[in-house]
Amino acid sequence: MQDIKTQRLDATDDGISQAATLLSSGALVAFPTETVYGLGADARNSLAVAKVFEAKGRPHFNPLIVHVGSADEAKRFVIWSNKAQLLADAFWPGPLTLVLPLKAGHELSPLVTADLPTLAIRVPAQASAQAILSAFDGPIAAPSANPSGRISPTTCAHVIAGLEGKIAAVLDNGPCEIGLESSIVSLLANPTLLREGGVTSEQINHVLGAPLETALKDEIVSAPGQLASHYAPSAPLRLNVTSALPGEKMLGFGDIDGDFNLSPSGNLAQAAARLFDYLHQLDSTPQPIAVAPIPSSGLGRAINDRLARAAAPR
Ligand code: TXA
Ligand code: MG
């Protein structure tokens with residue numbers, strides 16, 4: 001793929017309207033959401049969607065999430081249900097992706113769904129993501145804006161580091177507030193958690209009034225993107241350690257300090273928001289990384305999931 005010049009757009013009215021115009025022309029635009037930066041393309045335009053797979057080096061069998069401005073718009077593309085309404089009322093706009101059956105006449109590119117009869121869809125909350133959706137006035141397919149297999153970007157600089165020359169533009173609106181990807185819940189059968197993320201399963205269970213089933217990681221046939229080593233930095237990671245070995249860099253949490261500390265006060269939301277940025281920074285040196293234990297409750301499960309993937313053999 002020949003390199004193109006990647007424009008950096010500000011989150012002003014002008015920047016938003018340039019982003020929407022580029023998307024309408026079939027170009028790729030990265031933009032912030034509350035979770036991570038997404039690599040956006042017009043979800044109805046197969047040429048545009050094909051460029052997403054090319055720019056990321058993503059296998060074509062791995063489907064993309066479609067972003068829309070509201071639950072009402074989502075209903076144009078998927079077969080809605082009572083449970084979808086419950087979860088949308090509670091968590092949209094926000095860091096939850098729902099997997100639902102595709103609706104006839106949806107007009108999305110078959111590349112988006114990797115030809116599956118289902119669609120992953122979400123309504124992002126972040127203001128500039130909402131502004132782009134409203135200016136573009138259509139569905140935007142957007143995986144995380146990183147080369148396939150690398151750490152997701154939570155700043156404009158991360159996007160540039162991974163995809164400069166491969167995408168038309170990136171809209172800069174500072175660091176992402178949550179810093180972990182959306183939680184993915186399939187409503188094809190009993191509600192099933194496919195990926196831990198920005199909404200905790202405790203919160204989802206509370207709304208559903210029953211515990212989610214889980215089908216995380218390698219068990220998922222319908223979401224081959226959940227490969228074990230999906231979030232990998234190039235340096236090896238050692239998890240749940242209380243002190244670094246000579247030559248290791250230490251990623252601390254709470255009282256266990258290090259070269260970086262995800263949250264000295266032990267706050268999991270703060271740790272989530274910092275995780276990918278610290279991994280990006282630690283990844284810029286070849287030194288192995290030792291990581292302090294993180295409690296496995298609330299957002300801690302999503303954090304531990306990303307760390308386990310980052311540490312997985314590849
Ligand atoms: O927070 C997020 O979800 C970010 C922002 C940009 O919205 N997006 C994101 O996209 O994380 P991506 O492509 O990195 O991860 C999407 C995941 C993949 O693991 C993919 O396999 C899964 O969603 N997925 C997509 N369509 C699916 C479907 N129909 N059924 C099951 N899983 C699906
Ligand atoms: Mg991703």
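Mentor: Start with a term: helices (H or I, at least four residues) and strands (E, at least two) are DSSP runs, numbered from the N terminus. By that count, Asp-137 lies in the loop between helix 5 and strand 7. Keep in mind that this is a predicted model.

Trainee: Got it. How many helices and strands does the protein chain have?

Mentor: Nine helices and 15 strands. The radius of gyration is 19 Å, close to the 20 Å that the globule rule gives for 314 residues, so the chain is as compact as a globular protein of that length.

Trainee: And what does the C-alpha trace span along its principal axes?

Mentor: About 60 × 50 × 35 Å.

Trainee: What share of the residues counts as buried?

Mentor: Of the 314 residues, 55%. Look at the contacts too. Among those with a separation of 6 or more, 68% come from residues 24 or more positions apart.

Trainee: What about the surface? How much of it belongs to carbon and sulfur atoms?

Mentor: The accessible surface is about 12700 Å², and carbon and sulfur atoms hold 53% of that.

Trainee: How many positive and negative side chains are there?

Mentor: There are 22 positive and 29 negative ones. The centres of the two sets lie 4 Å apart.

Trainee: Back to helix 5. Which of its residues are buried?

Mentor: Helix 5 covers residues 127-136, and its buried residues are Ser-128, Ala-129, Ile-132, Leu-133 and Phe-136. They take up an arc of only 140 degrees around the axis, which puts them on the same side of helix 5.

Trainee: Why would residues a few places apart point the same way?

Mentor: An α-helix has 3.6 residues a turn, so residues three or four places apart point the same way.

Trainee: Which exposed residues sit on the face turned away from the buried side of helix 5?

Mentor: Ala-127 and Ser-134.

Trainee: And what covers the buried residues of helix 5?

Mentor: The cover includes helix 1 (13-24), strand 2 (29-32) and strand 3 (37-42). It also includes strand 4 (65-67), strand 7 (140-141) and strand 8 (169-172).

Trainee: Is Asp-137 buried or exposed?

Mentor: Exposed, with a relative accessible area of 60%. Setting aside neighbours within four places in sequence, Asp-137 is in contact with Arg-44 and Ile-132. Ile-132 is one of the buried residues of helix 5.

Trainee: How far is Asp-137 from Asp-89, by C-alpha atoms?

Mentor: They are separated by 22 Å, at 48 residues apart along the chain.

Trainee: New topic: helix 6. Which residues are buried there?

Mentor: Helix 6 runs over residues 156-163. Cys-156, His-158, Val-159, Ile-160 and Leu-163 are buried. Their cover includes strand 1 (7-10), strand 2, strand 3, helix 2 (46-56), strand 8 and helix 8 (268-283).

Trainee: I see strand 2 and strand 3 in that list again. What about the phi of Gly-165?

Mentor: Gly-165 follows helix 6, and its phi is positive, near 90 degrees. Gly-165 lies in the loop between helix 6 and strand 8.

Trainee: Buried or exposed, that Gly-165?

Mentor: Buried, at 4% relative accessibility. The C-alpha atoms of Gly-165 and Thr-6 are separated by 5.5 Å, yet the two residues are 159 apart along the chain.

Trainee: Which other residues have a positive phi without being glycine?

Mentor: Ala-114, near 50 degrees, is one of them. Asp-115, near 65 degrees, is another. Asp-115 lies in the loop between strand 5 and strand 6, and Ala-114 is found in that loop too.

Trainee: How exposed are Ala-114 and Asp-115?

Mentor: Ala-114 is partly exposed, at 22% relative accessible area. Asp-115 is exposed, at 64%.

Trainee: Which residues does the cis peptide bond join?

Mentor: Trp-92 and Pro-93, with omega about -10 degrees. Most peptide bonds are trans. Pro-93 lies in the loop between helix 4 (82-91) and strand 5 (96-101).

Trainee: Last one. Where is Gly-300?

Mentor: In helix 9, residues 299-311. Gly-300 is buried, with a relative accessible area of 0%. Not counting residues up to four places away in sequence, Gly-300 touches Leu-268, Ile-294 and Pro-295.

Note on methods: Residues numbered from 1 in each chain as written. Chains lettered and ligands numbered in written order. Predicted model: local features only at pLDDT ≥ 70, side-chain atom pairs only at ≥ 80, totals over all residues. Heavy atoms only, no water. Rg over C-alpha atoms; globule rule 2.2 N^0.38 Å. Buried < 20%, exposed > 50% of the residue type's maximum accessible area, 1.4 Å probe, protein only. Contact = heavy atoms within 4.5 Å. Areas by Shrake-Rupley, 256 points an atom, 1.4 Å probe, with all protein chains shown as cover. Lys, Arg positive; Asp, Glu negative; His and termini not counted. Charge placed at Lys NZ, Arg CZ, Asp CG, Glu CD. Arc of directions from axis to C-beta.
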